[in-house]
Amino acid sequence: KACQVRIPAVNKPGVLARVTAVLSREKISIRATAISSFGERGFFNLIVDDPVRAEKVLNRDGIAAELREVVAVLIPDQPGGLDRLAQFLAAEQVNIENAYGFVIESRVKAVFVLEVADPDRVLELLKKAKFEILSSQAIADIEPFHYMKY
């Protein structure tokens, strides 16, 4: 299983900087981020290399943070890679409550992170369908392959 850290936030300057300052000071690495806002409020979802410790230090510093179980699926980084997953989940009547993705090797591999109501059920469905699932540790250990020329 994988976990993300969810932080509800007021939509104003400096809120993200406060979170990143705590994580930086504690030597916690952010592996992926999704930031959403709805008017004056929103939330951050963070995949970090040590989610349990991140939740603890953020809460200790007065930043409301909670661990949320997510399903992280390895998909091909090519046309149709996400569609295969989306079509499968739709056919199984799985509602995606929150999601985001990131590429780990251009045109080869990507990760799609799903927040769903019943992660245990979704994990079982995905495993039976031969999708590759990543744990929190596997995500933390990802070393993106960069070969782009700048």
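Me: What makes S2 and S3 a strand pair?
Reply: The model is a predicted one. Eight bridges join strand S2 (residues 30-38) to S3, and two strands pair if at least two bridges are found between them; S2 and S3 therefore count as paired, and they run antiparallel. One of the contacts sets Thr 33 against its bridge partner in S3, Leu 46. S2 and S3 also form a hairpin with two residues between them, and Gly 39 in the turn has a positive phi of about 70°.

Me: How do you know that S1 pairs with S3?
Reply: The criterion is at least two bridges, and six join S1 to S3, which run antiparallel. Within S3, Phe 44 stands opposite Ile 7. As for burial, seven of the eight residues of S3 (residues 41-48) are buried, so the strand is described as mostly covered.

Me: Why is the aromatic pair of Phe 38 and Phe 43 called tilted?
Reply: The structure holds two aromatic pairs. In that of Phe 38 and Phe 43, the distance is 6.2 Å centre to centre and the angle between the planes is 35°.

Me: Why is Phe 38 called exposed?
Reply: Phe 38 has 58% relative accessibility, and the cut-off for exposed is over 50%, so Phe 38 counts as exposed. Phe 43, by contrast, has a relative accessible area of 17%; buried means under 20%, so Phe 43 is buried.

Me: Why is the pair of Phe 88 and Phe 131 called tilted, and which parts does it tie together?
Reply: The ring centres are 5.5 Å apart and the planes are at 45°, so this pair is tilted. Phe 88 lies in helix H3 (residues 81-91) and Phe 131 in the loop between helix H4 (119-128) and strand S7 (132-134), so the pair ties together parts 43 residues apart in sequence. Both Phe 88 and Phe 131 are buried.

Me: What makes Arg 84 a charge over the ring of Phe 131?
Reply: Arg 84 lies over the face of Phe 131, at 4.1 Å from the ring centre, and the distance limit is within 6 Å. Arg 6 lies over the face of Phe 43, at 4.6 Å from the ring centre.

Conventions
Residues are numbered from 1 along each chain as its sequence is written. This is a predicted model: local features need pLDDT of at least 70, side-chain atom pairs count only at pLDDT 80 or more; totals for chains, interfaces and linings use all residues. Side-chain values use heavy atoms; hydrogens and water are left out. Buried means under 20% relative accessible area, exposed over 50%, partly exposed in between (1.4 Å probe, protein chains only). Helices (H or I, at least four residues) and strands (E, at least two) are DSSP runs, numbered from the N terminus. Rings of Phe, Tyr and Trp (its six-membered ring) pair if their centres lie within 6.5 Å; planes under 30 degrees apart count as stacked, over 60 as edge-to-face and the rest as tilted. A charge sits over a ring if NZ of Lys or CZ of Arg is within 6 Å of the ring centre and within 35 degrees of the ring normal.
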